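Here are my notes for a reader new to this entry. Please keep the model open while going through the points.

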Amino acid sequence: MARLRLAAVLLALSAPPLAAQNAHDHVALGVAAMQAHDLHTALAHFDAALALDSADYEANWRAAIALIDTGELIPDSVKSPKRDSLYANAERLARRAVAADPAGADGHFALAAAVGRASLTMGKKERIRRARVIRDEAMRAIELNPRHDGAYHILGRWNAEIMRLSGLSRFFAKRLLGAGIFSQASWEAAVSDMERAVALDPGRLYHHLELAEIYADRKRYDDARSQLADMAALPDREIMDSVYRQEGAELARAIEKKK
């Protein structure tokens, strides 16, 4: 399997940028480019596939993920119309993927991820309204594929982010904005969902980082340090892994003396 992935990556790097005959070929080359962390080439191939078949399920959800990855390279701490546009376009493509194949788990996962990221650019009321969509799409992905680690990650983070809100903010959301779904969030679900994500894909740094942060929130500092140690021992695999390592180092310093 590793040799096949390497061959695919070499093909993407050696072939002319858009040397493909049909949408399926462009998607395959886009996937290889993603594995090589070449987002620009990947998006070019996914765009070419969609130009040939705008309803292609895989091209739509993979393009959505590539756009999200591109947007994540721009820090959330700065205003960026470009990043906001990337997330909005990712949401549009993910919705098109779900429409093309409602039984495809990856389409629902991409939609949950895109809605979550796009929501970061919106006001509080709109973010609360869209919280249900994030949860529902992630849960649908798990229904269709019970081993979808990415969907479990989204659910774990969804629970954690709601529980991190002040009691007053949660009251405001539940009572004044009608977001009763916030009552279903819990720290227990945040822990179990993120632990499940780690168990399903223990090689993904992002899972370990988010679980460490949740453990730290619960004052389970030894468990948090254990996750950070596991994370440090893993090789980089995704384009954002260097950023995750920095965040992990910052968390390790913050909890260094806590018991």
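At what angle do the axes of helix α4 and helix α5 cross?

1. Helix α4 (residues 57-72) and helix α5 (residues 81-100) cross at roughly 160 degrees, their axes coming within 8 Å. That makes α4 roughly antiparallel to α5, a term for angles over 145 degrees. Axes are lines fitted to C-alpha atoms over the stretch in contact, with angles from 0 to 180 degrees between N-to-C directions. Helices are DSSP runs (H or I, at least four residues), numbered from the N terminus.

2. Before going on, a caution: this is a predicted model, where local features need pLDDT of at least 70 and side-chain atom pairs pLDDT 80 or more, while totals for chains, interfaces and linings use all residues. Residues are numbered from 1 along each chain, and side-chain values use heavy atoms, without hydrogens or water.

3. Contact means heavy atoms within 4.5 Å. In α4, the residues meeting α5 include W61, L67 and I68. Their partners in α5 include L86, Y87 and L93. The residues of this contact divide into 13 nonpolar, four polar and three charged.

4. T70 lies in α4. Is T70 buried or exposed? T70 is buried (under 20% relative accessible area), at 17%. Leaving out residues up to four places away in sequence, T70 touches L39, L43 and L86.

5. The largest nonpolar core has 74 residues. Such a core is a set of buried Ala, Val, Leu, Ile, Met, Phe, Trp, Tyr and Cys residues joined through side-chain atoms within 4.5 Å. Its largest share, nine residues, comes from α4. I68 and I255 are among the residues with the most contacts inside the core.

Definitions and conventions:
Helix = DSSP H or I, 4+ residues; strand = E, 2+ residues; numbered from the N terminus. Parallel < 35°, antiparallel > 145°, perpendicular 65-115°, else oblique. Nonpolar A, V, L, I, M, F, W, Y, C, P; charged D, E, K, R; others polar. Buried < 20%, exposed > 50% of the residue type's maximum accessible area, 1.4 Å probe, protein only.
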